[in-house]
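My notes follow in the order in which I looked.

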Amino acid sequence: MHDVIVVGGGAAGLTAAIYACRKRLRTLVVTLDIGGQTNLTEHIENYPGYTQKSGPGLMKTFEEQAKAFGTEFVFGKAQKLEKKDKSFLLTLTNGEKYDGKTVILAYGKVPRTLGIPGEEMYLGRGVSTCATCDMPLFKGKNVAVIGGGNSALEAAELGTKFAKKVYLVHRRDGFRADEITVDKVKSASNVELVLFSVPAEIKGDKFLRHLTVENVNTKKRRTLDVDGVFVEIGYAIDTDFVKHLVELNKEREIIVNDVGETSCPGIFACGDVTQILYKQTVIAAGEGAKAGLSAYAYLQRMEGKPVVKLDWA
Ligand code: NAP
């Protein structure tokens with residue numbers, strides 16, 4: 001029986017584990033990978049304490065810190081969560097089961113897809129949802145990046161360093177990304193903005209060769225000769241395995257209060273899986289710290305021990 005089971009090994013989950021372990025709670029992280037979405041960012045310039053660090057580099061530091069405080073790790077995908085009398089039973093897709101007195105949900109989101117013809121067929125053969133992983137494969141080639149948020153603009157910026165030409169396809173002319181990144185992309189000589197346009201179809205032979213886009217106003221279509229299409233249109237959430245236990249909002253994000261408690265006592269949540277605004281590594285880490293401390297306070301209460309006030313009076 002673990003005191004805390006953390007589902008997810010990104011910035012939120014690893015920070016929750018660090019805080020729980022430092023309270024001498026036996027803590028298990030169940031995760032598909034270490035680092036989560038932060039791994040997908042080539043250069044992190046907005047995590048205080050590091051002027052520049054790679055996403056995977058930063059997450060490696062989190063992992064080492066969690067391990068140093070005694071966090072246990074199991075690699076696998078959570079499939080089922082059941083509430084028992086005084087604990088929770090987590091079942092993984094491989095059938096393994098783990099008991100925890102508390103659970104911290106910190107498993108983030110998965111990349112959203114376009115749902116257009118050819119996308120699935122060319123996934124891994126030109127279609128990618130990870131520019132950091134795959135952009136270097138397109139050295140000297142033409143690529144298209146879809147989206148107007150930080151992920152897309154960062155992918156496009158990375159593309160300027162490898163690809164011959166980067167088409168940035170966005171469905172309107174305003175960007176959600178940070179202005180600093182937008183400016184870098186706009187000033188690059190090998191970027192063409194394809195605005196008010198949405199992808200309609202992906203075609204190729206053995207590998208992807210063409211992306212057809214449609215102008216949302218005129219409905220006119222244009223075919224771009226590209227070898228790579230980077231789908232960077234945000235992330236979707238998979239809360240199906242917990243929806244019977246915790247309250248969700250209409251985006252299916254887990255609703256937490258300001259200390260990471262869900263509607264179910266003993267279950268906490270943090271990071272991108274929650275409704276908390278500004279999906280940033282630094283915020284996920286902060287929310288993870290709160291969830292770890294809240295799990296500790298909950299266990300203290302359950303065991304009839306006084307809850308030590310953690311903040312300065
Ligand atoms: P996002 O901010 O939700 O942006 C998604 C973009 O894709 C939007 O521009 C959206 O267009 C477009 N889009 C969505 N569905 C589409 C569809 N079906 N077809 C065409 N376009 C579509 O997602 P994100 O860029 O992945 O970022 C997610 C979160 O992580 C954000 O909070 C972001 O700030 C954060 N992030 C931060 C960093 C960093 O700080 N270094 C790096 C990466 C991500 P509309 O604008 O028209 O809705």
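Which residue in the turn of the hairpin formed by S5 and S6 has a positive phi? I looked it up and found Gly-95, with a phi of about 95°, in a hairpin that has four residues between its two strands.

Before going on I noted the conventions. This is a predicted model, in which local features need pLDDT of at least 70 and side-chain atom pairs count only at pLDDT 80 or more, while totals for chains, interfaces and linings use all residues. Residues are numbered from 1 along each chain as its sequence is written, and side-chain values use heavy atoms, with hydrogens and water left out.

**Entry 1: strands around S6.** I read helices (H or I, at least four residues) and strands (E, at least two) as DSSP runs numbered from the N terminus, and I took two strands as paired if DSSP finds at least two bridges between them. Strand S5 (residues 88-92) pairs with S6 in the antiparallel sense over four bridges, and there Leu-90 stands opposite Tyr-98 of S6. Strand S1 (residues 2-7) runs parallel to strand S6 (residues 97-105) and is joined to S6 by five bridges, with Val-4 opposite Thr-102. S6 also pairs with strand S17 (residues 267-269), in the parallel sense and over three bridges; here I found Ile-267 of S17 as the bridge partner of Val-103.

**Entry 2: the five-stranded sheet.** I traced an open, parallel sheet of five strands in the order S8-S15-S9-S10-S11. Strand S8 (127-128) and strand S11 (191-194) are at the edges with a single partner strand each, so one side of each has no neighbour in the sheet. Helix H4 (residues 150-162) packs on this sheet and touches S9, strand S10 (165-169) and S11, and its direction makes about 165° with that of S10 (axes are lines fitted to C-alpha atoms, for helices over the stretch in contact, and angles run from 0 to 180 degrees between N-to-C directions). Within the sheet, strand S9 (residues 142-146) pairs with strand S15 (residues 228-231) over four bridges in the parallel sense, and Val-145 stands opposite Phe-230 in S15.

**Entry 3: the three-stranded sheet.** I then followed an open antiparallel sheet of three strands, ordered S12-S13-S14. Its edges are strand S12 (197-204) and strand S14 (221-225), each with a single partner strand, so one side of each is left without a neighbour in the sheet. The twist averages 25° from one strand to the next. Strand S13 (residues 208-215) pairs with S14 over five bridges, where Arg-221 is the bridge partner of Glu-214.

**Entry 4: the two domains.** The domain assignment gives domain 1 (2-111 + 235-302) and domain 2 (127-231), the bounds coming from an automatic or database domain assignment. Their centres, taken over C-alpha atoms, are separated by 32 Å. I found seven residues of domain 1 in contact with eight residues of domain 2, contact meaning heavy atoms within 4.5 Å. About 640 Å² is buried between the domains, 46% of it from carbon and sulfur atoms (the accessible area, with a 1.4 Å probe, that two parts lose on being put together, summed over both). Leu-40, Glu-42 and Pro-111 supply 55% of the area that domain 1 buries against domain 2, more than any other three residues. I counted one salt bridge between the domains (a side-chain nitrogen of Lys or Arg within 4 Å of a carboxyl oxygen of Asp or Glu). The side chains of Lys-184 and Glu-45 meet in a salt bridge, at 4.0 Å from N to O.
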